[in-house]
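Let's take a walk through the inside of this protein, stopping at a few spots along the way. Have the model open and follow along.

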Amino acid sequence: MTTFLSDISCCGNLNQTTTFDDEPKFRIAELEPTVSTGMSVKTPNEIMKDLLQLGINKKSNLEVYEGIPVEKVGHKKKDDVDEYMAKLSLYRPDHILELLLAQQEAKPGLKVTGRSQIWRSTFKYLDENIIKANEFEADTRTSFSSFGNQEFQQMLTLLCQVNPFFASALTFSQENNTLELIAYKEGEHSESDSLYLKLMRILSSKNPSHNINVYFDEDMKVRGIQIIDQDGNERIAEKDEMDYYATSALYNLLFYATAIHANFHILHDILSSGIVKSTRHSKSIATWADHYDDHTTIKYVEVAALYMDANLGRKEFGAESFADRILTGENGLGGNAEVMQVLRQQLCLWMTLTDTNDFMTKFFFANFYDGIGTEEKVFAILDKFEILTEYRKHAALVKDSAEDLTTTMKKDKFASFEKTEQKLKLFMAKFDDGSDNMCCINTISSWIQLWNITNLTEESTSSFSRLSIIPEIMRWRKIDEKYWDHHDIELMCSMVATMIAPTPRRHFFTTKHKHNIENA
């Protein structure tokens with residue numbers, strides 16, 4: 001069994017641990033470089049803090065997707081910025097990873113080898129400062145490895161079975177009655193192509209090493225990996241190459257999952273703005289709705305500042321760091337501005353969904369419904385290959401829960417409830433795109449269902465976020481370069497800081513934390 005972190009969908013018994021020395025032997029001064037801004041000199045962290053605060057203060061003018069309205073509602077969020085910056089300073093492992101540059105350590109090669117002291121020290125640092133709740137907590141590494149072992153084929157299988165982001169990338173082969181990950185496909189591009197395939201075409205447009213198709217067998221073991229070069233020549237990986245190319249597929253899935261995760265934050269900002277503005281007439285319903293506005297503003301601004309290009313009014317938002325944007329910058333994961341076109345279309349699709357069933361059939365398992373048809377057949381396939389067995393149990397509760405809640409709300413405050421739904425319908429109508437794709441999130445029940453099912457999905461970022469610090473996976477950012485560079489280090493540190501999400505009072509992994517961080 002592959003050793004990897006668990007998430008809401010993974011309850012397996014994990015073995016084979018990664019070994020750490022007692023203490024990291026390497027340390028360098030934790031000094032931030034300074035950047036001149038004319039009248040004064042600021043550190044990169046100070047510049048980022050100013051950018052986030054500017055985005056919050058001017059949020060109604062902060063546009064990620066062209067033509068998608070942005071609202072400025074809710075509470076002042078200065079504390080959110082302070083918490084985020086505290087997170088950056090607490091958890092980034094720059095002081096260890098920069099030794100990769102100082103010592104010119106090469107990236108891992110084709111053959112799986114033991115990891116260097118630098119990487120073991122990085123894992124130990126993150127394990128002790130993020131994952132363990134306090135210094136007195138028992139060491140769980142005898143039975144559980146926070147960052148996985150090096151059995152990458154098994155890791156790929158497990159994550160496709162238990163992580164909803166990864167599972168949504170799978171397609172069903174009618175010919176073989178097995179599952180696949182298709183990053184490359186010949187022929188004309190089509191609107192019916194899977195979201196995974198669309199994003200992989202962008203990722204591989206400058207780096208064909210991402211043209212990796214994975215084929216699973218009836219036991220969900222990797223039975224073959226197809227490599228397609230820049231000229232379209234195809235070959236099947238040799239047995240001793242399988243783990244090597246499995247890490248490329250994991251990198252592709254990291255990019256894909258990161259894109260959906262960022263898009264969820266934009267959706268949540270729209271949803272929270274809508275429910276807050278629609279409930280101001282009723283104190284009791286507004287008290288319920290205000291809860292959903294917590295942290296959505298800062299997450300939206302983080303996407304604009306760190307993940308994708310954005311505009312503030314007629315000016316580029318943080319233009320000097322566009323190259324470092326995780327999804328669209330040349331120093332990021334490998335995407336470009338075309339990513340935003342695909343994600344904008346996906347956001348518009350989400351806005352047409354009415355309930356949890358819609359989310360499953362038109363987005364999450366759309367690849368399966370397109371190839372298989374009926375719900376009965378789709379779920380039979382999912383059961384056969386043990387895809388999201390725990391996640392689907394939780395997801396099945398969302399619709400009934402939403403309907404029970406809205407029934408109670410309607411009975412308790414009928415007039416206020418009706419008025420809220422009228423206002424919500426008017427608010428969401430602003431997101432109709434002028435075609436047949438009408439926004440259908442126009443009842444409180446549909447609102448709750450889409451909010452809860454996407455939040456349920458988002459909780460599983462804890463299992464794929466660790467990939468962003470695993471050297472065998474992150475080498476695929478620029479696989480043709482032998483040595484790590486400054487942009488590799490910056491990207492890994494940024495993704496650890498943002499995707500593990502150790503925001504005070506919003507921590508995913510532990511109930512209480514030694515830095516006063518609690519579970520969301």
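Which residues line the second largest cavity? They are Glu-63, Val-64, Tyr-65, Ile-68, Pro-69, Val-70, Ile-266, Asp-269, Ile-270 and Tyr-300. Before going on, some housekeeping: this is a predicted model, where local features need pLDDT of at least 70 and side-chain atom pairs count only at pLDDT 80 or more, while totals for chains, interfaces and linings use all residues. Residues are numbered from 1 along each chain as its sequence is written, and side-chain values use heavy atoms, with hydrogens and water left out.

Back to the cavity. The term means a set of points, on a 1 Å grid over the protein atoms alone, where a 1.4 Å probe fits but cannot get out; lining residues have an atom within 4 Å of a point.

Helices (H or I, at least four residues) and strands (E, at least two) are DSSP runs, numbered from the N terminus. Stay on α9 and find Ser-272. Ser-272 is buried at 1% relative accessibility, where buried means under 20% relative accessible area (1.4 Å probe, protein chains only). Leaving aside neighbours within four places in sequence, Ser-272 is in contact (heavy atoms within 4.5 Å) with Tyr-292, Asp-293, Thr-296, Trp-447 and Trp-451. Ser-272 and Glu-71 sit 9.7 Å apart, C-alpha to C-alpha, though 201 residues separate them in sequence.

Helix α9 also turns up around helix α8: what covers the buried residues of α8 includes β5 (178-181), α9, α12 (338-350) and α13 (356-364). Why is α8 (residues 195-203) largely enclosed by the rest of the structure? Because 9 of its 9 residues are buried, charged-type names such as Lys-198 and Arg-201 included.

Last stop: Arg-92, in the loop between α2 (78-91) and α3 (94-97). Arg-92 is buried too, with a relative accessible area of 13%. The Arg-92 side chain makes a polar contact of 2.9 Å with the side chain of Glu-490, and another of 3.4 Å with that of Ser-494. A polar contact is a pair of N or O atoms within 3.5 Å; within protein, one must be able to donate a hydrogen and the other to accept it, and residues adjacent in sequence count only if both atoms are side-chain atoms.

Technical notes: On a 1 Å grid over the protein atoms alone, a cavity is a set of points where a 1.4 Å probe fits but cannot get out, and a pocket is an open set with protein on both sides within 12 Å along at least five of seven lines; lining residues have an atom within 4 Å of a point. Buried means under 20% relative accessible area, exposed over 50%, partly exposed in between (1.4 Å probe, protein chains only).
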